[in-house]
Every structure is written in C-alpha cells, then in structure tokens.
Amino acid sequence: MKILVLTKRQYMGKDLLHDRFGRFRELPLGLAQLGHEVTGIACSYRRREEGVTLDFDPSRDGVVTWHSINAVNGLTPQLGKFANQVLKLAADFQPDLIWPCSDAYQVIFGAWLANRIRTKCVVDLYDNFEAFGASQVPGILPLFRRVVREAEGVTFFCRRLADYVTQTYHRTGTFEIIENGVRKDVFFPRNREACRQQLGLPDDAQIVGTAGALDGSRGIETLFRGFERLAAEYDDLHLALAGPRKFGLNIPRSPRIHDLKILSHEEVPIFVSALDVAVISYRQSLQGEFSFPQKAYEIMACAVPFVAAAVGTMNELLASHRDCLYQPEDAASLAESVRRQLMNRTLVGNDIPAWNDSARKLERYFVETLASSEERPKTDF
C-alpha cells in the first residue's frame, strides 16, 4: 500500500523532523515498518530549511520519506507554490490513500488533493480542530466539517471526539479509534534517585511536577496555587517544571521550585521518573473537553503516581481511580488529590498501547477502507 501523509511540521511545541516526535512521526514509521511505502509532506507554517529527510529506526526495516515544504516565505503566504509542489509530488507518487492530519487546513487540503489525483482520503482528527485559533478564519469550519462528513474514512484519537463529530457533523461513514501510543523503549520504570541525580534535583525531597506546555490554557496557574498550599504543610515538598511556555508566564520564584526549561523527548521519562507525584493540569474548555493528554500514558508507562484535572477523556481513563482526579482550576482540589497520593501511592495500571499496536490497527482500517466499494460524495472545491 502506498500512503501519503500530510501534516504540519510544528505541533505540540515540537518539530516533526528535528525532534522525531509524536503521532505524526510514529504512526507513519510504524506503517513503513509493516512493509508499506510511506511518503510524508511536512508543511511548515514558519520559514525552515526545505528538502528531503529519511526517517527510520536502525533496528527495524522501513523508511518514511519526508518532504519539508514551506507554506510561507518569511511572513508572506505562498500557498499556490506550496499546492503546486505537493500536487506534483502526489501525482508522481500515486498513493492508494492520503492521510491528512494535524489541523483543519491539512484536512481540507488533503481532500482537495485526493480529488485532484483521484485517490481515497482518510482524515485524522487527533484533537478538536474546531477549538484551534486558526480554524476561526471565516469559511474554514463549514468546509472542514463537510470534508470530514464526506471523507472515505476518519481516524480519531479518542472515542469522545468520535462520538461528538459523528453526531454533530452527521457523518454516516466508517471511522476508527487510533489511540496515541507510547515508545516503550523510552518510557519505562527507572530508579528515582538516579533520575534525580541526573537532573540535579534534591535527593531528600518529595517532588511533584509536570512536563509539557506550561500555559494558562492548560491551567498551569492552578498547579502553582496548589503547590503553594501544599508547601505550607510539607517542609520537604518541591515543585519541578519542564516544557515550553509563552513569553510572560510568571513562574513563582522559590528555592523549592525547579524549572528545567525544555527537555528532549528522551529526557522526559527521566524527569517523570524523578517525581513522587506527576500532575496533568488542564482547564475546562472546548479543546480540553476532547483532550487526551499524551503524558498520561507516558507517566503510566514510567509507573509514577499522578493526578489529573477531571477534564475530557481523563474522566474515562480514571473512572476506577477517582481519587486521582481534581476539579479543574480548583487549587484546593488539586492540593487534596496530591496530598492523597503523597500519603498513599496509587498507580494506574491500565493497558498502555505501544505505537506499533496503533500502527497495526491503522493498517487494518486503511485496508478495509480501500477494499470498500462504497462511493462517498466528493467535496466540491
């Protein structure tokens, strides 16, 4: 099977080609390792070096050929040039299927491209794209919804989003849940003391912390206020932070707060394993309602206790561990949940999918979609 992947290059604070990170790196690579011919278009909304990058795992067969193409020249969009370049690549490659991912623009463009070269399109929704700021451009959301409704197939990262989209968009075609996975060669239980030593964190402290986007939209201020409450009770309690943040974020200054800035993907499990309790903060919002923080599976794979805001799919994941949930944007509730974990460690032992598991499930869905004789209406561009 020949598969063309369309995705933006920068997402979740990472660079797909530089950091080799996340869903849009791991699933195409998993498909290539299953024997499929996979080519990807990494669309950059910032000016970056263009060209071809080969992505592979030296321990396994399978290579993904990534073409990095800028959609801008400085601050000037160059959408016509971008579309022509991708159209030529797609026409030369002749994929059996196009899998557009990452935002509403890639989904719409993927449907247009599939129409032009007369192939099938399966769109991927790894988040609620309706909540993205860029989706609010007039005309984008109606076209996006129509493309999703009429696509040959749709992949979702969680059941909650699938239910919302099928009901709201009145989609009647097939879909599949393709969960995010975990690199189990990177995320696994480690020695806490050794991890603290490697990161320069105190050996004799109790440490709570979070790694990920430190942003007001994620409720990071609730963590700051919750820690302030707990620090008044526990003389040995420290807070560790890591991740990208917007300019102007006011991180409290204290010898008991440790800001490790931005870590590489390989350093994140070391950070997580250094903690006594990890925190997944989120606000109640349109995006949060359908969120499934990737860090939940990563923390679970590291066998570290955690607490999470009772937002979106975390409610289903922790249905049997309600004490691990706290009310979003409620510092007292967060503090109480952390307090319970410090007093009585609770590990969440749900099954954690590896990326290879999700790639095999995606492969099966692609095969079923290609085998289907159902002709769905094509979006008229």
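Because the model is predicted, local features were taken only at pLDDT of at least 70 and side-chain atom pairs only at pLDDT 80 or more, whereas totals for chains, interfaces and linings use all residues. Residues are numbered from 1 along each chain as its sequence is written, and side-chain values use heavy atoms, with hydrogens and water left out.

A pair of aromatic rings is described by the distance of the centres and the angle of the planes. The structure holds 13 aromatic pairs, where rings of Phe, Tyr and Trp (its six-membered ring) pair if their centres lie within 6.5 Å, and where planes under 30 degrees apart count as stacked, over 60 as edge-to-face and the rest as tilted. The rings of F109 and W112 have centres 5.5 Å apart and planes at 25 degrees, so this pair is stacked. Both residues belong to helix α4 (residues 104-117), in which F109 and W112 are three residues apart and thus separated by about one helical turn; helices (H or I, at least four residues) and strands (E, at least two) are DSSP runs, numbered from the N terminus. F109 is buried, its relative accessible area being 13%, where buried means under 20% relative accessible area, exposed over 50% and partly exposed in between (1.4 Å probe, protein chains only). One aromatic cluster is formed by Y11, F21, F24, Y126, F129, F132, F144 and Y169. F21 also has K14 over its face, at 5.8 Å from the ring centre, and R190 is placed over the face of F188, at 4.3 Å from the ring centre; a charge sits over a ring if NZ of Lys or CZ of Arg is within 6 Å of the ring centre and within 35 degrees of the ring normal.

The largest nonpolar core has 107 residues, and those with the most contacts inside this core are L125, F144, F271 and F306; such a core is a set of buried Ala, Val, Leu, Ile, Met, Phe, Trp, Tyr and Cys residues joined through side-chain atoms within 4.5 Å. Helix α4 supplies the largest share of this core, eight residues. A second, separate core of 25 residues includes I220, Y234, V307 and Y326. When neighbours within four places in sequence are left aside, F306 is in contact (heavy atoms within 4.5 Å) with V277, A278, I280, I299, M300, M314, L318, C324, Q341 and V348. Q341 lies in helix α12 (residues 331-343) and is buried at a relative accessible area of 2%. Residues up to four places away in sequence not being counted, Q341 touches V277, P305, F306, V307, C324 and T346.

A search of the whole structure finds two cavities of 30 Å³ or more, a cavity being a set of points, on a 1 Å grid over the protein atoms alone, where a 1.4 Å probe fits but cannot get out. The volume of the largest cavity is about 110 Å³, a volume being the space filled by probe spheres set on the points, with grid points joined across faces, edges and corners. Its lining (residues with an atom within 4 Å of a point) comprises 15 residues, of which F21, G22, Q294, E298 and W355 lie nearest the centre of the cavity. Helices α2 (23-33) and α10 (294-301) each supply at least two residues of this lining.

Positive phi values were found in residues other than glycine, among them Q94, at about 50 degrees, and R118, near 60 degrees.

Technical notes: On a 1 Å grid over the protein atoms alone, a cavity is a set of points where a 1.4 Å probe fits but cannot get out, and a pocket is an open set with protein on both sides within 12 Å along at least five of seven lines; lining residues have an atom within 4 Å of a point.
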